[in-house]
Every structure is written in C-alpha cells, then in structure tokens.
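Welcome! Please take a moment with the sequence and the 3D view below, and then we can walk through helix contacts and open spaces together.

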Amino acid sequence: MLLITGTSGALGSLIAQRLADRPDVRFGTRDPDGPGQVRVDFDDPDSLDFTGVDTLLLVSAGYGEDDEVIARHGAAVTAAERGGVGHVVYTSLSAAGDHLPYALAHRWTERRLRESSLAWTVLRNGLYAELLAALAAPGPDGLITAPLGGGRLAAVAREDLAEVAVRVVLAPHEHAGQVYELVGEEPLGGAELAAATGARYAPGSLAGTRAGLSGPGSVGYQVPMLVTTYSAVAAGFLAAPDAGTLRRLLGRAPRPALAAYLAALPA
C-alpha cells in the first residue's frame, strides 16, 4: 500500500489527483471525508499508524515554527519505523534554499531519515512558480513592487513536482538513497514578470515589505519566512537553474515556469 500525507494541501492534492484511481493508495489528511482517505495528523503522534504501508510519501508539513515542524516530521518517521514501512519519500527543500529560515526543519528531517532504519528518497523541491505569483503579483496600479532587486528565482511548476513525486513513489526501489535537486530551468526576475504581465517593475525595500506584512492577522513565523525569501532571491542565491535532473525524472521538458506564474496570478 502507498500512503500519501498532506493530501489537502496544494502539492499533496495534485499528487492525489494523479493516483485517485489506484486501489492500493490511501490519502492522508487531518479530516478524511472521501474515498480512500485516512486520518493522518502529525500533531497527534499517538494516532499515527502506518502498519501495512509499503511506501510513505511524506509531504512536508512545513508551515510552522521549527520546533513544530520538527516534531511533526519526527513523529511521522518514528511511526514509519514502528509500522514497518518499507520506503519513505520526503518532499524537502532545494539545497539553494539553505539560506532560507525554513530550511532547518527540512535538513533535520533528511538527517532523521538517514539515521533511521528506513529506505528513503529525498525530493528537494525548488520554490514554486505559483508562490512567485503570490509574492510578486502586479498591484492595481500596474506595478510589481516585490523587493527582488536584480535577482532571479529558478522557480518550478508545482504540477511538475507532483508528477516527479508520483513517478518516484510508484517505483521507489529505483530511487533508494537518492537526493534529487528539483528546480526550474528558466530563472525569473522582476523584469521578466513585468514584461509578461504588462506591468512595470519598481522594487520596494525589504523594510517596507516587512512593515506591510506585519499588520493585524499576520502570523509571527511567516514574516521572516517571506522577507528572507525575497532577500535570498534578490541576493542571487536561488537563481541557479536545473542541471537536468527535473527533465530526466519527468522524461520531458519541464513546464515553463512563467506560464505557471501567469496561471496562478489572482484574477
């Protein structure tokens, strides 16, 4: 049996759609209410039971403070060991993302898997083109003010990452012990985004962006997460394109990141 966690999330739901017709797949979510769905709640570690699972696709529960995310992932790996899971495939963060504050929990989870009794594969996903649409959309005034400076992001279409995950979990033994770097082939910057949308690129400051994100209703960990993402792009740390791994695992050319960005822009 194959169990996929986080199937109510953006990446997990795309993976689940591709596997919906397979009788040997279960879809993990906090609140199951559909065919093949089972309860998987990392915040309730005593409830985790992976008995009978041959392959576990551990979709990162990466939204939270480091101690929360580490506890969630640690509970999942421990449950996999306890339940006799044969292979864990984990969706991590690209190596270029080591400059980002949310990288720590990913690297901790990778280390936990290496030290475990489990067979494993790590999918180091780059930042989504769809995320770039949220971070750098044109405003009502026709300006893109995201503080990207002259930097670029090797963004990747979320659909491609879902497809790679499916290919790997359906043949996990072929990928045992592998760490795959999965980023886009065409880095995008503010100028390219503006040209594609008919907007004008006028990057603001990090301080101004931080102030704008820190209003009522903001969650504490999200502000440094987003500001540091802008900063890492502007400083050129996330620009290196795919070296062929994504294309090889897909068996075709990746989807254009710019098209994924445009499709994800708010209506």
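Two residues are in contact here when they have heavy atoms within 4.5 Å. Helices (H or I, at least four residues) and strands (E, at least two) are DSSP runs, numbered from the N terminus. This is a predicted model, in which local features need pLDDT of at least 70 and side-chain atom pairs count only at pLDDT 80 or more, while totals for chains, interfaces and linings use all residues. Residues are numbered from 1 along each chain as its sequence is written, and side-chain values use heavy atoms, with hydrogens and water left out.

**Two helix pairs**

Let us begin with helix 6 and helix 10. In helix 6, E192, L193, A196 and T197 meet L258, Y261 and L262 of helix 10. By class, this contact of helix 6 with helix 10 has 5 nonpolar, 1 polar and 1 charged residues. Ala, Val, Leu, Ile, Met, Phe, Trp, Tyr, Cys and Pro count as nonpolar, Asp, Glu, Lys and Arg as charged, and the others, Gly among them, as polar.

How do the two helix pairs cross? The table gives the values for helix 6 with helix 10 and for helix 1 with helix 5. Axes are lines fitted to C-alpha atoms, for helices over the stretch in contact, and angles run from 0 to 180 degrees between N-to-C directions.

| Helix pair | Axes come within | Crossing angle |
|---|---|---|
| Helix 6 (residues 190–197) and helix 10 (residues 257–264) | 11 Å | roughly 60° |
| Helix 1 (residues 10–18) and helix 5 (residues 158–169) | 9 Å | roughly 55° |

Angles under 35 degrees count as roughly parallel, over 145 as roughly antiparallel, 65 to 115 as roughly perpendicular and the rest as oblique. Helix 6 and helix 10 are therefore oblique to each other, and helix 1 and helix 5 are therefore oblique too. A crossing is right-handed if the near helix is turned clockwise from the far one by less than a right angle, and left-handed if anticlockwise. The crossing of helix 6 and helix 10 is right-handed, and so is that of helix 1 and helix 5.

On the helix 1 side, A10, L11, L14, I15 and R18 meet R158, E159, L161, A162, E163, A165 and V166 of helix 5. The residues of this contact divide into 8 nonpolar, no polar and 4 charged.

**Pockets and a cavity**

On a 1 Å grid over the protein atoms alone, a cavity is a set of points where a 1.4 Å probe fits but cannot get out, and a pocket is an open set with protein on both sides within 12 Å along at least five of seven lines; lining residues have an atom within 4 Å of a point. Grid points are joined across faces, edges and corners, and a volume is the space filled by probe spheres set on the points.

The largest pocket holds about 980 Å³ of space. Of its 34 lining residues, S60, A61, G62, Y63 and Y128 lie nearest its centre. Helix 8 gives the most to this lining, with 4 residues. The second largest pocket has a volume of about 160 Å³, and its lining has 9 nonpolar, 3 polar and 2 charged residues.

How many cavities of 30 Å³ or more does the structure hold? There is 1, and about 50 Å³ of space lies in the largest cavity. Its lining is formed by S60, G62, G64, D66, V69, H73, Y102, A105 and H106. Helix 2 gives the most to that lining, with 3 residues.
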